[in-house]
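This report looks at the packing inside one protein model.

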Amino acid sequence: MLRDLGLGFFLILVVVILPLIVSRFLYLASDLDPLRDRGVGCWLLIALFVVVALTIAFRRVFSSSLHYMLPTKRHCEGVVAKQETEDNNSNSFAKKNRIAADSTVKNEDNSDRSFDGISSNNNNSNNSREGASAMALGDTNPPDIDEDLHSRQLAVYGRETMRRLFASNVLISGMQGLGVEIAKNLILAGVKSVTLHDEGTVELWDLSSNFVFTQKDVGKNRAAASVSKLQELNNAVIVQSLTTQLTKEHLSSFQAVVFTDISLEKAFEFNDYCHTHQPPIAFIKTEVRGLFGSVFCDFGPEFTVFDVDGEEPHTGIIASISNDNPALVACVDDERLEFQDGDLVVFSEIHGMKELNDGKPRKIINSRAFSFNLEEDTTNYGMYEKGGIVTQVKQPKVLNFKPLKEALSDPGDFLLSDFSKFDRPPLLHLAFQALDKFISELGRFPVAGSEDDAQKLISVASNINDSLADGKLDDLNPKLLRSFAFGARAVLNPMAAMFGGIVGQEVVKACSGKFHPLFQFFYFDSVESLPSEPVDPNDFRPVNGRYDAQISVFGQKLQKKLEDSKVFVVGSGALGCEFLKNLALMGVSCGSQGKLTITDDDVIEKSNLSRQFLFRDWNIGQAKSTVAASAAASINPSFNIEALQNRVGNETENVFNDTFWENLSVVINALDNVNARLYVDQRCLYFQKPLLESGTLGAKCNTQMVIPHLTENYGASRDPPEKQAPMCTVHSFPHNIDHCLTWARSEFEGLLEKTPAEVNAYLSNPSEYTNAMKNAGDAQARDNLERVLECLDREKCETFEDCITWARLKFEDYFSNRVKQLIYTFPEDAATSTGAPFWSAPKRFPRPLQFSASDLGHLNFVLAASILRAETFGIAIPDWGKNPKKVAEAVDRVMVPDFQPKKDVKIVTDEKATSLSTASIDDAAVINDLIAKLERCRANLPTVFRMKPIQFEKDDDTNYHMDVIAGLANMRARNYSIPEVDKLKAKFIAGRIIPAIATSTAMATGLVCLELYKVLDGGHKVEDYRNTFANLALPLFSMAEPVPPKIIKHQDMSWTVWDRWILEVILP
């Protein structure tokens, strides 16, 4: 109440007293005699009092408002305020029912002071705790999603999943390399909070796997040392540390908990608590031990998956439905059906057999490429006439997870990754249990290179195996267990990156119900990455350096090869950032002879920040390669890296010359387009260099190894080209929103980019331009001249009102007149030359739109189009130009002429046609006439007049580009009764946005770097290498040997694409 009174007094001072004082002083200032009014002294005293009062009030208000002026985190963030206590001396995290607005109190020296071992990097904390808001966790209203930042991730998850993530709190215990990789991926994804737990301190050993640690952090608590750098990845996520011992009660504050370094005994305790908690807490136990890794997931007794695969529901356009039991449904044959037996589908828009339009899901059987049977008797239904859409209904799936203790003895089916290692998962299941027992008995890990310790581990594994009633293994593979023992203490960065991606995705699944969880065990090894020749046990000994963990697995000789390698990384986007981080931690190119060159001609945009983790918001607009190189060098100061801003291609062969390519050890592609990949592939093929290739698409990723003389090159096999919709379909007969958006993007570029560019080309050099049109003399030249003349004459804009008129008439042309002409030419009862109905599937009969300023879709299109039209003509936009109400008033004043359809108008219906322009025998005469009109029009223009072409930019929501394209597409969709889409979905399709998330990127780069060990070691056979396809949504991991190069034979000779003949010419 006192605060309210203080604020009211402050407002009275500002609104009432201050104006009186100001007016009084103005009056005095206008008088030449300052002593004329005897009340001046009194007024000065009053003014002094008011100034003092205002200063006090303003100081109070400013101090309380400062929080809102600083860069802020998401609304209602924080950690728990109300805490439970086991006794008077120990505090725990709060229950889920209360959270506070902040978590850290600042000391006078600005250092963080934690509450009971919990420290946060929240820079927006207040000293005052009074008035802290509390809310039920999980019942929050997450803020609007920053679509500029998360657009690529939204394309994978959708809004609902993102909102669930924004309300999720995650605990990660164990902050060695694996823990930090998981944390990085989740912070980039945008969960509400990430709590880092670790009671240990940073060792030099950790520097080869944890990218946030430096040598200055040695001796500090791992969790506390990780907070500040991880916080930089996303200021909207609360990142905090817990450095005290973890208890079961701590876990109740989280939706998911991840343990990367925990004993089985403790894991049983925590997992049982999570499994029986209400609601259940998702529990994940994961480990990386050298070249071996494991994951266990338990999301509770009943976990519902809302979307199993993340794919859009499959659809089909119906051609016919029989009156049978079961009914046969045939679809048009332009696209294969993706249905499977047992799928549920719904029907809509069917004419005749209307009984199927009830929205009831129906099961399909006997699914084929273009037809399926319906498990329903349609004998007594109405006769099918025409039309109809069939759409898959995605059903939720309930999974019953077993707790760890039960699953350990009865693991069920293991998730396989490599079918050549079909018997490996049960052995690794045993090996990880043996390692846990070894550590619990001896209090340490096996020593790298110690045969005694290896034998002890093998003995423990044998004893466990002997005690098994079911599932006893016949062969324990001592050689594999020996390798497992030698590297058991090491956390290798490539393994951490790979498992960081997998586990990060599992946490997202646990928090959102999006995608199918890993059920329940996954084991992986990459023993093929070990040196091809035996390593002396002494070579595994540590040298008291940052690479000791890696040396304990591979030995010092391979480490030296890594450090002296010369590497070329092409691209520094999402893949490139991950690669640089991995390579810096591995010590690649960090020796006196080593060098890494990275190139990328792109600059950093806001949308990059959700995946390309080496960049920060203050780097926006800077060169990607330069910023990435600098960030990578901060991870490892010994990194010898050079950043270039050149595109790799024919035009830069003076930069990347023969000497450059010949000196390379290996090339790593981090590209996003096929043409650039093919060029680099040809260079590597010519210069006989290994190429490590990878790519991602949403939750999917793939890797391909190109090894000279061992494998085929990248260009040896290609994906089939994407099917393009016929031009006539896009322009006159769309039947899905993709067609509408393709048309909208084409019209946008034609109206706002190509036509203004043509105008400028003409005005810049009229004679040269017109001569070129005369020489071409075709329909395209005629169309170009017509557009230029139309832009400078009939549709020329001089005021913003002209732009509104132009936009309103465009609406009428696009969505009314053209449709009226189309249905005049092809009426609803029109027939083809064979007598079949013209408007049969997949064609949809259109209806013209009647403009209404009260329809927001109509009005928003006119408003956005007017603004962009004004921009092309350099017309200033008035203050009212962005006010829908004012624009509506202006639109109502536009005179729209009546439209009369024309006879004999030719509309292209040939699906093979590549142009809508029709040639005419008098094109030359028409062109000459158009040129003459243009010359007369140009004479009335200022000599400096030029238009401003607008290039489509999808990632700026304030530029009205997507407003115009979404408006064009949705109005056209209304014409054809096609479901509309929001602006975000329109952006994905029209902007051709590639879905991308950090988890699949991390996994792909980890897999590639495991192959890099083999490449730089040398001597590995083709069967040692692995190509991978993975889909984290399912999850699916498919690894296989690369395909060897094709052998070409001729008579008694044979060769591959890698071979060459050297001709020696002896000159006389």
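## Cores, a helix and an arginine

The largest nonpolar core has 175 residues, and L230, L251 and L583 touch the most other members. Helix α29 (residues 998–1017) gives the most to this core, with 11 residues. A second, separate core holds 79 residues, among them L789, F800, V862 and L863. The model is predicted.

L230 has contacts beyond four places away in sequence. Its partners there are M175, V180, A183, K184, I187, L196, F211, V212 and V239.

Next comes helix α16. The helix has 12 residues, 624–635, so at 1.5 Å a residue it should span 16 Å. Its end C-alpha atoms lie 17 Å apart, which agrees. Buried in α16 are K624, S625, V627, A628, A629, A631, A632 and I635. What do these buried residues pack against? The table lists the elements.

| Element packed against by buried residues of α16 | Residues |
|---|---|
| α15 | 574–586 |
| β22 | 595–599 |
| β23 | 641–644 |

An α-helix has 3.6 residues a turn, so residues three or four places apart point the same way.

Is R362 buried or exposed? R362 sits in strand β16 (residues 362–365). Its relative accessible area is 5%, under the 20% cut-off, so R362 is buried. The R362 side chain makes a polar contact with the side chain of E376, at 2.4 Å. Leaving out residues up to four places away in sequence, R362 touches D343, L344, V345, F347, E355, L356, L374 and E376.

How values were computed:
Residues are numbered from 1 along each chain as its sequence is written. This is a predicted model: local features need pLDDT of at least 70, side-chain atom pairs count only at pLDDT 80 or more; totals for chains, interfaces and linings use all residues. Side-chain values use heavy atoms; hydrogens and water are left out. Helices (H or I, at least four residues) and strands (E, at least two) are DSSP runs, numbered from the N terminus. The expected span of a helix is 1.5 Å times one less than its number of residues. Buried means under 20% relative accessible area, exposed over 50%, partly exposed in between (1.4 Å probe, protein chains only). Contact means heavy atoms within 4.5 Å. A nonpolar core is a set of buried Ala, Val, Leu, Ile, Met, Phe, Trp, Tyr and Cys residues joined through side-chain atoms within 4.5 Å. A polar contact is a pair of N or O atoms within 3.5 Å; within protein, one must be able to donate a hydrogen and the other to accept it, and residues adjacent in sequence count only if both atoms are side-chain atoms.
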